[in-house]
Amino acid sequence: MIKPDAVGNGHTGKIIDQIISNGFRIVAMKYTCLSEETAGRFYDVHRTRPFFKDLVDFMSSGPIVAAVLEKNNAVEDFRKLIGATDPKKAEPGTIRNLFAKSIEANAVHGSDSDENAAIEANFFFNQFERF
Ligand code: ATP
Ligand code: MG
C-alpha cells in the first residue's frame with residue numbers, strides 16, 4: 001500500500017516505478033480511501049498499541065494506493081525495498097529513506113508474511129485470485 005503521506009506528496013509514480021524496476025509484477029491495483037473503520041480493521045493487530053488511534057487517523061486522512069505484487073521471495077524482498085519502519089533507520093535508497101517523513105507517515109506498507117499477504121489481498125480485492 002502507498003500510504004496517504006506519499007500519495008498526497010505526489011510520490012505515487014516514483015514509488016510504483018521503483019516497485020516495477022525491482023522486479024515485482026503488479027497483479028492488482030487500486031486508488032481508494034480508507035474509512036476509520038476500514039483502517040482500524042486493516043491494522044487490527046495494533047489495536048491495543050498506544051499509537052493505534054493516530055495510525056487510524058493518519059491512514060484515513062487521504063487517498064491510498066493498494067496493490068498486490070508478485071515475485072519470488074516477494075515478502076522479504078519488498079521489505080528490503082521499503083526499508084525500516086522508522087525512516088531515520090531505513091537504509092539509503094530504500095523507499096522509506098527516500099519518501100517517508102516519520103515513523104507513522106512512512107510512505108508504504110508491506111505485508112509481513114505470505115499468509116498475511118493473502119489476507120490483505122482479499123481485504124482490498126474481493127475474492128482475489130492469483131492470475
Ligand atoms: P507496515 O505494517 O505499515 O508495513 P511495519 O510492518 O514496518 O509497517 P508495524 O510494526 O507493522 O511496522 O507498524 C504498522 C504501522 O504503524 C507502521 O508502518 C507505522 O505507520 C505505525 N507505527 C508503528 N510503530 C509506531 C510508533 N512507535 N509510533 C507511531 N506509529 C507507529
Ligand atoms: Mg507491519
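**Exercise 1.** In this predicted model, determine which atoms lie 2.9 Å from an oxygen atom of ligand 1.

*Solution.* Begin with His109: a polar atom of its side chain is 2.9 Å from a ligand 1 oxygen. Next, take Lys3, where an N or O atom of the side chain lies 2.9 Å from an oxygen atom of ligand 1. Finally, turn to the backbone: a polar backbone atom of Glu104 is likewise 2.9 Å from an oxygen of the ligand. As to cover, ligand 1 has 570 Å² of accessible area on its own, and the protein covers 80% of that area.

**Exercise 2.** Characterise the shell of residues around ligand 1.

*Solution.* The shell holds 13 residues, of which Lys3, Tyr43, Arg79, Thr85 and Asn106 come nearest. Sorted by class, the shell comprises four nonpolar, five polar and four charged residues.

**Exercise 3.** Decide whether Glu70 is buried or exposed, and identify the partner of its side chain in a polar contact.

*Solution.* Locate Glu70 in strand 2, which spans residues 64-70. Its relative accessible area is 19%, and the cut-off for burial is under 20%, so Glu70 is buried. The side chain of Glu70 makes a polar contact of 2.8 Å with that of Arg25.

**Exercise 4.** Describe the largest nonpolar core and the surroundings of Met59.

*Solution.* The largest core has 20 residues, and Met59 is among those with the most contacts inside it, as are Met1 and Leu34. Helix 4 supplies the largest share, five residues. Beyond its neighbours within four places in sequence, Met59 contacts residues including Met1, Lys3, Leu34 and Tyr43. A second, separate core has 17 residues, among them Ala74, Ile82, Ile95 and Phe99.

How values were computed. Residues are numbered from 1 along each chain as its sequence is written. Chains are lettered from A and ligands numbered from 1 in the order in which they are written. This is a predicted model: local features need pLDDT of at least 70, side-chain atom pairs count only at pLDDT 80 or more; totals for chains, interfaces and linings use all residues. Side-chain values use heavy atoms; hydrogens and water are left out. A residue is near a molecule or strand if one of its heavy atoms lies within 4 Å of it. A polar contact is a pair of N or O atoms within 3.5 Å; within protein, one must be able to donate a hydrogen and the other to accept it, and residues adjacent in sequence count only if both atoms are side-chain atoms. Accessible areas come from the Shrake-Rupley method with a 1.4 Å probe; for residues, only the protein chains shown count as cover. Ala, Val, Leu, Ile, Met, Phe, Trp, Tyr, Cys and Pro count as nonpolar, Asp, Glu, Lys and Arg as charged, and the others, Gly among them, as polar. Helices (H or I, at least four residues) and strands (E, at least two) are DSSP runs, numbered from the N terminus. Buried means under 20% relative accessible area, exposed over 50%, partly exposed in between (1.4 Å probe, protein chains only). A nonpolar core is a set of buried Ala, Val, Leu, Ile, Met, Phe, Trp, Tyr and Cys residues joined through side-chain atoms within 4.5 Å. Contact means heavy atoms within 4.5 Å.
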